[in-house]
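Here is a short tour to read with the structure open beside you.

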Amino acid sequence: DGDGKGFYVSEWDINVKEAKAIVEKLQAKGINAKLQVAHSKSEDLNAAGRIANKSNPKLYVSIHHNYYDSNSTGYFSMYNPNNAKSKEAADRLSNAINNNGRVPQRSSRENTGYIGELNVINDSIVPVLLELGFFSNISELENICSDAYVDYVSTNLANEISLMLNE
């Protein structure tokens, strides 16, 4: 959506910037991380989960950003219901970035069926979806697009993911 100054950004652009940074940091740690990017905005919400199932990762982390209203703020994680490993992973990843100084932490949320990609993930995979801020809030948009925020989030998420995979 427009920022009132003639600039436009889509969620896809913000998601890819953060996801690429996370994957690069994981790969630098020797972790076989794969970046999975939607082919287009018209790709259905379940496609990402179906694609992930084919490679059967131990952990599936989906990176997103929210758009609601101009006063919305904060990041949160989502986990699948009745899946203790998904909830634990969501809480750990959320807590790993809680001192970012730019976007406040909100509590983790149970996926109530809305997040299609989490609904189709195989039971052997631990799924987490991260909503890393609201791009409908212009000041939060500036924060989530900043190199400092992207670096902090990607570094801390990569460190926590590495710990989780090595346990």
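**The largest pocket**

In this predicted model, the lining of the largest pocket is made up of 26 nonpolar, twelve polar and eight charged residues. Below are some places to look next.

**More on that pocket**
- The volume of the largest pocket is about 1500 Å³.
- Gln36, Tyr60, Ser62, Ile63 and Glu117 lie closest to its centre, out of 46 lining residues.
- Two or more lining residues come from each of α1, α2, β1, α4, β4 and α6 (147–165).

**The second largest pocket**
- This pocket has a volume of about 290 Å³.
- Its lining has 14 residues, and those closest to the centre are Lys58, Leu59, Lys85, Val126 and Met164.
- Helices α3 (84–96) and α6 each give at least two residues to this lining, with α3 giving the most, four residues.
- By type, the lining of the second largest pocket holds six nonpolar, two polar and six charged residues.

**The sheet**
- Four strands make an open, mixed sheet, ordered β1-β4-β2-β3.
- β1 (59–66) and β3 (109–110) are the edge strands with a single partner strand each, so one side of each has no neighbour in the sheet.
- Seven bridges link β1 to β4 (residues 126–134) in the parallel sense, and Tyr60 sits opposite Pro127 in β4.

**Helices around it**
- Helix α1 (residues 11–28) lies across β1 and β4, at about 140 degrees to β1.
- In helix α2 (residues 47–55), Ala47, Gly49, Ala52 and Asn53 are the buried residues, and their cover includes β1 and α4 (116–119).
- Asn56 follows α2 and has a positive phi, near 45 degrees.

Note on methods: Residues are numbered from 1 along each chain as its sequence is written. This is a predicted model: local features need pLDDT of at least 70, side-chain atom pairs count only at pLDDT 80 or more; totals for chains, interfaces and linings use all residues. Side-chain values use heavy atoms; hydrogens and water are left out. Two strands pair if DSSP finds at least two bridges between them. Contact means heavy atoms within 4.5 Å. Axes are lines fitted to C-alpha atoms, for helices over the stretch in contact, and angles run from 0 to 180 degrees between N-to-C directions. Buried means under 20% relative accessible area, exposed over 50%, partly exposed in between (1.4 Å probe, protein chains only). On a 1 Å grid over the protein atoms alone, a cavity is a set of points where a 1.4 Å probe fits but cannot get out, and a pocket is an open set with protein on both sides within 12 Å along at least five of seven lines; lining residues have an atom within 4 Å of a point. Grid points are joined across faces, edges and corners, and a volume is the space filled by probe spheres set on the points. Ala, Val, Leu, Ile, Met, Phe, Trp, Tyr, Cys and Pro count as nonpolar, Asp, Glu, Lys and Arg as charged, and the others, Gly among them, as polar.
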